[in-house]
Amino acid sequence: MPNTNCLSGPAFSVIGDAYFSGTTVSFQVAFDSPEDASSVLAYEWSLDDTLMIDQNNGQFSGQLTCGEHTIGARILSTTGWSGIKSLEFATCRTATELLFYGVDTINEGASTTYYIFQLYSDGTSKDVTVEYIFTTTPGGSFNGNVFTADTDLSGYENYEVTINATKNAEVPLTKQVTVINTTPVVQTSLEIVGPGNINEGGTASYIVLATYSNGSEQNLTSSYVFSSSEGIFSGNTLIIPSNTTLGDSRTAMIYASQSGIPVLSKQITINDVSVSSGVLVVDLYGNSSFNVIGLIDNAEVAGSHVAAYTGHNIMPSTAIPSDALILASGFNSPTWRFEFNIEKLVTDYPQTQNFVFYIKGRSNAESILNGAFSVKTSDGVMTLGSDNGVLMPGVLGGTNHVPLTNVSTKIFAGANGSYDESDLNTILKFTYNVLGDSISYTTYEEPIVIADFDFMAVRYHWLTGSGADLDILAGLENNGTPFDQLYVGYGGPSATIPINTIPPSDAYLWWGLDNTGQQGYEGVLIGIRKFIDAFPNSPNIVEVGLYAVWFGIPATGDFSVELVTYKGGEMSLVGNNFENVGGVEVSSNTVNMNTLIRKTNPSPSTYFKVGTIKYNKTTATATIQIN
């Protein structure tokens with residue numbers, strides 16, 4: 001019978017080991033108090049249901065045969081004989097280990113049974129499963145000792161769960177189990193991928209790319225034959241002949257066929273290269289109280305973020321006007337003018353896909369600002385002449401490649417004679433796309449202003465339908481330190497800057513590693529305080545550039561960027577999120593972005609620039625200038 005309290009006489013227990021390595025055993029009767037022990041009039045012991053003679057005190061000892069046995073005891077008190085307390089034990093045996101028995105992998109949605117076995121020194125075992133309670137980390141559930149894995153229809157990744165078996169207050173037994181995702185992978189798209197624009201006399205390569213529901217891609221080009229309504233294909237390379245016809249940019253169709261039947265098609269634009277973009281001319285109509293500058297925002301360009309403005313009319317300052325990158329006028333009522341040398345930039349930086357130009361400034365009063373821009377053809381030459389004593393850029397020769405276009409934007413108050421970029425707001429931003437030979441523009445974006453912080457967690461987020469695998473870059477820029485233009489992100493030299501920082505939370509930049517899915521998050525931690533403490537003589541404005549590009553095929557191209565700052569505490573990476581412990585959150589901002597740029601190499605010059613974080617060491621504040 002079990003070793004429980006008796007209903008007659010004082011309470012007692014039979015105490016002894018459950019296993020003995022030899023044949024000698026000993027047990028004793030234990031009471032709650034000495035008074036209970038002294039009230040006992042007699043003892044009886046039984047072994048394997050046989051009454052033992054000459055064992056009439058509170059202790060039992062003897063030498064037995066090897067095997068399993070049961071010891072029993074009862075006591076006599078003034079109220080009579082108690083019931084028998086019993087205890088099972090074994091001789092010639094010791095417990096060696098507990099075995100957590102069951103599979104290590106299971107398909108999602110499936111069930112399996114787990115057991116606990118006690119193993120002994122004599123090679124025998126005992127199923128002790130009923131003595132344990134089974135639990136699991138998220139990803140499944142237990143009914144008794146039967147585990148059922150969850151089903152995840154939205155994802156394609158396998159995942160790990162930890163199952164636990166607990167007995168009373170003992171240390172739990174644990175087992176790692178991999179849940180296999182069985183969601184079928186299906187093809188979601190099949191398309192011809194390659195440049196949408198090709199110049200006359202140029203070549204371009206195309207592939208047939210299949211995309212699957214788990215975010216993976218497969219190049220199926222070898223199964224197709226390419227043809228085109230113009231030009232000829234050599235394998236998968238389209239060759240467009242040159243011609244001398246002016247202004248004949250046009251569209252054409254390319255096809256991918258199987259067994260002679262066109263299966264896929266793609267429309268492309270053939271660019272007439274007899275004329276192309278040469279000079280971007282921007283006029284602003286206002287008054288002499290403007291502090292206004294023009295600059296190039298491409299990190300790879302020598303002179304990036306070196307401004308041109310009245311008094312510093314040529315950038316670079318040593319260039320002649322026709323070979324300059326930027327020309328700026330003084331005020332010649334009612335016009336301020338800037339010119340950007342697109343043709344030179346394209347020639348000097350042939351790997352760059354997009355060039356970005358900014359007009360920034362302030363006025364003595366906030367107001368709506370009107371202006372206009374045009375793009376002159378590449379046969380035009382930039383000049384800088386004098387008009388009524390004021391230097392005024394012009395273009396000698398050439399015609400309008402992009403006609404005069406009126407724009408309206410906003411200029412903020414605060415003009416104080418400063419032409420420092422950090423003191424000025426964006427008025428206009430122009431983006432020149434090289435392949436498309438096209439210009440686009442956006443007007444001002446209110447900068448985000450943030451109070452003093454130590455860490456900024458930047459998290460990019462994209463949803464299904466936006467595109468596959470958004471890659472990010474973040475890097476220190478224009479700070480005059482050895483770490484300028486070193487970026488973290490996929491394809492970068494390290495997950496941290498400085499490279500291989502240990503622990504990574506001490507880095508100036510820390511990438512949260514790659515996310516290749518159709519949706520999800522990818523982030524970077526900016527340790528601005530770590531950088532400032534390491535470089536106290538760095539410029540007063542510390543800059544960090546943020547970039548993004550699609551590794552897979554973009555669809556809508558939509559994504560958002562969440563910027564959360566913290567003061568104090570320590571940062572750690574949990575999944576794809578950077579979390580702060582011990583500090584306080586200072587700010588949280590989210591901006592919506594869009595780009596259709598697809599990755600060609602890990603250089604920021606080929607990425608979409610999200611914006612620039614500028615930390616002012618004097619005011620201990622930061623602005624986030626979103627592009």
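These are my notebook entries on a predicted model, taken one topic at a time.

**Entry 1. Salt bridges**

I searched the whole structure for salt bridges and got 23.

E421 forms a salt bridge with K360, and the closest N and O atoms are 2.9 Å apart. I looked up where the two residues sit: E421 is in the loop between β38 (400–411) and β39 (425–433), while K360 is in strand β34 (residues 354–362), so the pair ties together parts that are 61 residues apart in sequence.

E421 also meets the side chain of K614 in a salt bridge, at 3.1 Å from N to O. K614 belongs to strand β53 (residues 608–616) and E421 to the loop between β38 and β39, so this pair ties together parts that are 193 residues apart in sequence.

Are these three residues buried or exposed? I took buried to mean under 20% relative accessible area. E421 has a relative accessible area of 10% and is therefore buried. K360, at 4%, is buried. K614 is buried too, with 9% relative accessibility.

Next I turned to K567. Its side chain meets that of D452 in a salt bridge, 2.9 Å from N to O. The pair links distant parts of the chain, with K567 in strand β49 (residues 558–567) and D452 in the loop between β41 (448–450) and β42 (455–462), 115 residues apart. Which residues do salt bridges with shared partners join into one network here? I found D452, D454, R529 and K567 in it. On accessibility, K567 is partly exposed with a relative accessible area of 30%, and D452 is partly exposed with 24%.

As a background note, side chains of opposite charge can pair when their charged atoms come close.

**Entry 2. Backbone exceptions**

Most residues other than glycine have a negative phi, and most peptide bonds are trans.

I noted two cis peptide bonds. One joins I497 and P498, with omega about 0°. The other runs from I502 to P503, with omega near -10°. P498 lies in the loop between β45 (496–497) and β46 (509–511), and P503 is placed in the loop between β45 and β46 as well.

I then noted two positive phi values. D48 is not a glycine, yet its phi is positive at about 50°. D49, also a residue other than glycine, has a positive phi near 70°. I located D48 in the loop between β3 (42–47) and β4 (50–52), and D49 in the loop between β3 and β4. I looked up their accessibility next: D48 is partly exposed, with a relative accessible area of 37%, whereas D49 is exposed, with 78%.

**Entry 3. A sheet of 3 strands**

I traced an open sheet of 3 strands in the order β19-β22-β23, with antiparallel pairing. Which strands stand at the edges? They are β19 (187–193) and β23 (217–219); each has a single partner strand, so one side of each is left without a neighbour in the sheet. From one strand to the next, the twist averages 20°.

I looked at one pairing in detail. Strand β22 (residues 207–212) pairs with β23 in the antiparallel sense over 3 bridges. L209 has N219 in β23 as its bridge partner.

**Entry 4. Two buried residues**

I looked up T377, which is in strand β35 (residues 367–377). Its relative accessibility is 3%, so T377 counts as buried. What is T377 in contact with, leaving aside neighbours within four places in sequence? I listed V275, S276, G278, G398, T399, N400 and H401.

N164 came next, and I placed it in strand β17 (residues 159–166). N164 counts as buried because its relative accessibility is 16%. Not counting residues up to four places away in sequence, N164 touches F100, I133, F134, T135, L173 and T174. I also took a distance from N164 to G83: they are 81 residues apart in sequence and 38 Å apart in space, C-alpha to C-alpha.

**Entry 5. A nonpolar surface patch**

Last, I looked at the surface. L99, Y101 and Y115 form a nonpolar patch there, with about 270 Å² of accessible area together. I placed L99 in strand β9 (residues 95–101). L99 counts as partly exposed, at 34% relative accessibility.

Conventions:
Residues numbered from 1 in each chain as written. Predicted model: local features only at pLDDT ≥ 70, side-chain atom pairs only at ≥ 80, totals over all residues. Heavy atoms only, no water. Helix = DSSP H or I, 4+ residues; strand = E, 2+ residues; numbered from the N terminus. Buried < 20%, exposed > 50% of the residue type's maximum accessible area, 1.4 Å probe, protein only. Contact = heavy atoms within 4.5 Å. Pairing = 2+ DSSP bridges. Axes fitted to C-alpha atoms, helices over the stretch in contact; angles between N-to-C directions. Patch = residues over 30% accessible without salt bridge, like charges linked within 9 Å, V, L, I, M, F, W, Y side chains within 5 Å. Areas by Shrake-Rupley, 256 points an atom, 1.4 Å probe, with all protein chains shown as cover. Salt bridge = Lys/Arg side-chain N within 4 Å of Asp/Glu carboxyl O.
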